[in-house]
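Please keep the sequence and the model in view while reading.

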Amino acid sequence: MPKRKTEVIENFGERLAQLRKTAGYTQVEFAAEVGITQRMVAYYEAPGAQPPAHLLPQMSQVLGVSVEVLFGLAQPHRPKKIASNRLERRLLEIEK
């Protein structure tokens, strides 16, 4: 059964924070990659924050997941190489 809309929105911030940390980004680094401020990232990670529709594609691309995974409607298909710091992320980008 599909999740209710309220469940998706209520858990969005927690899921975003978890995916960001798993990808090895700080709030500041993630904000720079997406093109927003750290304060906005903190807001979007707060409980009950409304997901910004115009930023979802950028957020999912930076995190390396689909928008469905970002909303919690699907699970990540395979574990990705996770970069623990900026240099490793850059090397993974070059490797691609």
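## Overall composition

The chain has 96 residues, of which 36% count as buried; buried means under 20% relative accessible area, exposed over 50%, and partly exposed in between, with a 1.4 Å probe and protein chains only. The model is predicted, so that local features need pLDDT of at least 70 and side-chain atom pairs count only at pLDDT 80 or more, while totals for chains, interfaces and linings use all residues. Residues are numbered from 1 along each chain as its sequence is written, and side-chain values use heavy atoms, with hydrogens and water left out.

The chain holds 7 helices and 0 strands, where helices (H or I, at least four residues) and strands (E, at least two) are DSSP runs numbered from the N terminus. Along the sequence the pattern reads α-α-α-α-α-α-α. The accessible surface, by the Shrake-Rupley method with a 1.4 Å probe, comes to about 6,700 Å², and 55% of this surface belongs to carbon and sulfur atoms. Contact means heavy atoms within 4.5 Å; among contacts between residues at least 6 apart in sequence, 55% join residues at least 24 apart.

## The nonpolar core

A nonpolar core is a set of buried Ala, Val, Leu, Ile, Met, Phe, Trp, Tyr and Cys residues joined through side-chain atoms within 4.5 Å. The largest such core contains 20 residues, and L16, F30, I36, M59, L63 and L70 touch the most other members. At least two residues of this core come from each of α2, α3, α4, α5 and α6. The greatest contribution is that of α5, with 4 residues.

I36 illustrates how these members meet. Not counting residues up to four places away in sequence, I36 touches A31, V41, Y44, L55 and M59.

Helix α5 spans residues 56-63, and its buried residues are L56, M59, S60, V62 and L63. These residues cover an arc of only 160° around the axis, and therefore lie on the same side of α5; the arc is that of the directions from the helix axis to the C-beta atoms. An α-helix has 3.6 residues a turn, so residues three or four places apart point the same way. The cover over the buried residues of α5 includes α2, α3 (27-34), α4 (38-44) and α6 (67-71). Just after α5, G64 adopts a positive phi of about 75°.

In α3, the buried residues are F30, A31 and V34. Their arc around the axis is only 100°, which places them on the same side of α3. They pack against α2, α4 and α5, whereas the face turned away from the buried side carries the exposed residues V28 and A32. Just after α3, G35 has a positive phi of about 95°.

Helix α2 covers residues 12-22 and includes R20. The buried residues of α2 are F12, G13, R15, L16, A17, L19 and R20. Just after α2, G24 takes a positive phi of about 85°.

R20 counts as buried because its relative accessible area is 6%. Leaving aside residues up to four places away in sequence, R20 touches Y25, T26, Q27, F30, V41, E45 and L63. Which side chain is joined to that of R20 by a polar contact of 2.5 Å? The partner is E45; a polar contact is a pair of N or O atoms within 3.5 Å, where within protein one must be able to donate a hydrogen and the other to accept it, and residues adjacent in sequence count only if both atoms are side-chain atoms. E45 lies in the loop between α4 and α5 and is buried, with a relative accessible area of 13%. The side chain of E45 also makes a polar contact of 2.8 Å with the side chain of Q27. Beyond residues up to four places away in sequence, E45 touches G13, E14, L16, A17, R20 and Q27.

## Aromatic pairs

The whole structure contains 3 aromatic pairs. In the pair of Y43 and Y44, the ring centres are 5.6 Å apart and the planes stand at 65°, so the arrangement is edge-to-face. Rings of Phe, Tyr and Trp (its six-membered ring) pair if their centres lie within 6.5 Å, and planes under 30 degrees apart count as stacked, over 60 as edge-to-face and the rest as tilted. Y43 is partly exposed at 49% relative accessibility, whereas Y44 is buried at 9%.
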